[in-house]
Amino acid sequence: MIEINPAQNLETPKSDKRLPKYLNLEQSQKLLEVASNEDNRNYQRDYAIITLFLNCGLRLSELVGININDIDFSEARLTVIGKGNKERIIYLNKSCLKALYEYLEVRPKINYNKALFLSERKERISRRTVQHIVDKELKNAELDRKNFSTHKLRHTAATLMYQYGNVDIRALQVLLGHESISTTEIY
């Protein structure tokens with residue numbers, strides 16, 4: 001009807017950024033507790049996976065891509081390849097080191113596969129298998145599986161480090177491998 005849009009030069013309101021969903025400290029502890037259940041034949045592997053997610057803020061692809069030689073136990077650090085094929089160093093706390101030592105003691109001793117986490121077929125664990133493990137442990141911990149995932153465990157790690165670990169926002173940015181500080185500021 002009209003040839004000119006009268007609202008064309010109006011600024012649109014900025015939408016609020018949604019805060020990430022994450023497990024609180026008690027929920028995280030419960031998840032670790034159920035993951036260490038010895039009734040599961042792969043409990044050392046599954047516990048190490050959950051521990052790394054909750055303590056290191058890893059992406060799913062980073063966790064799946066870890067090789068044994070990426071871990072420097074003497075320096076307590078892990079080298080991961082993140083987005084954009086960028087390498088970063090993550091320092092491991094005592095919980096991570098303990099979980100990794102316990103897993104490596106029961107990990108099949110095969111020389112041809114350098115992957116840290118192995119499947120039942122002694123191949124590098126798949127992303128889908130890790131998602132299934134996390135989903136199963138969330139269910140065992142009676143946590144809402146619809147609201148939590150491997151990526152939510154990354155949010156959990158970042159949030160808990162910021163809230164309880166006295167990690168400043170710049171250190172968190174480096175740890176998570178974020179290009180921009182604005183990405184990290186959601187925590």
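A polar contact here is a pair of N or O atoms within 3.5 Å; within protein, one of the two must be able to donate a hydrogen and the other to accept it, and residues adjacent in sequence count only if both atoms are side-chain atoms. This is a predicted model, so local features need pLDDT of at least 70 and side-chain atom pairs count only at pLDDT 80 or more, while totals for chains, interfaces and linings use all residues. Residues are numbered from 1 along each chain as its sequence is written, and side-chain values use heavy atoms, with hydrogens and water left out.

**View 1. The cap on helix H4.** Asn93 caps the N-terminal end of H4. One of its side-chain oxygens sits 3.2 Å from the backbone nitrogen of Ser95. Helices in these legends are DSSP runs of H or I with at least four residues, strands are runs of E with at least two, and both are numbered from the N terminus. H4 covers residues 94–106, and its 13 residues should span 18 Å at 1.5 Å a residue. The expected span is 1.5 Å times one less than the number of residues. The end C-alpha atoms of H4 are 19 Å apart, which agrees.

View 2. Buried means under 20% relative accessible area, exposed means over 50%, and partly exposed is in between (1.4 Å probe, protein chains only). On H4, the buried residues are Cys96, Leu97, Ala99, Leu100, Tyr103 and Leu104. Look down the helix axis and these buried residues fall within an arc of 165 degrees, so they line one face of H4. The arc is taken from the directions that run from the helix axis to the C-beta atoms. Turned away from that buried side are the exposed residues Lys94, Lys98 and Glu105. As for partners, the buried residues of H4 pack against helix H2 (43–56) and strand S1 (71–72); contact means heavy atoms within 4.5 Å.

View 3. To count as a disulfide, two cysteine sulfur atoms must lie within 2.5 Å. By that rule the count comes to 0 disulfides. Cys56 is in none, and its nearest cysteine sulfur, that of Cys96, is 3.8 Å away. Cys96 is likewise in no disulfide, with the sulfur of Cys56 as its nearest cysteine sulfur at 3.8 Å. Cys56 is buried, at a relative accessible area of 1%, and Cys96 is buried with a value of 1% too.

**View 4. Helix H1, start and sides.** At the start of H1 (residues 25–35), a side-chain oxygen of Asn24 reaches to within 3.1 Å of the backbone nitrogen of Glu26. The buried residues of H1 are Ser28, Leu31, Leu32, Val34 and Ala35. They cover an arc of only 165 degrees around the axis, which puts them on the same side of H1. Glu26 and Glu33 are exposed on the other side. The cover over the buried residues of H1 includes H2, H5 and H6.

**View 5. Glu62, a buried glutamate.** Glu62 belongs to helix H3 (residues 60–64). With 1% relative accessibility, Glu62 counts as buried. Its side chain makes a polar contact of 2.8 Å with the side chain of Arg59. Setting aside residues up to four places away in sequence, Glu62 touches Gly57, Val80, Ile81, Gly82, Lys83, Arg88 and Arg154.

**View 6. Thr156 and its neighbours.** Thr156 is part of helix H6 (residues 150–164). At 0% relative accessibility, Thr156 counts as buried. Beyond its neighbours within four places in sequence, Thr156 is in contact with Tyr22, Leu23, Ser28 and Leu54.

**View 7. His132 on helix H5.** His132 lies in H5, which takes in residues 127–140. The side-on picture is a partly exposed one: His132 has a relative accessible area of 47%. Thr150 is 18 residues away along the chain, and the C-alpha atoms of His132 and Thr150 are separated by 9.6 Å.

**View 8. Zooming out to the protein chain.** There are 8 helices and 3 strands, and from the N terminus on they run α-α-α-β-β-β-α-α-α-α-α. The C-alpha trace spans about 75 × 35 × 35 Å along its principal axes. Of the 187 residues, 42% are buried.
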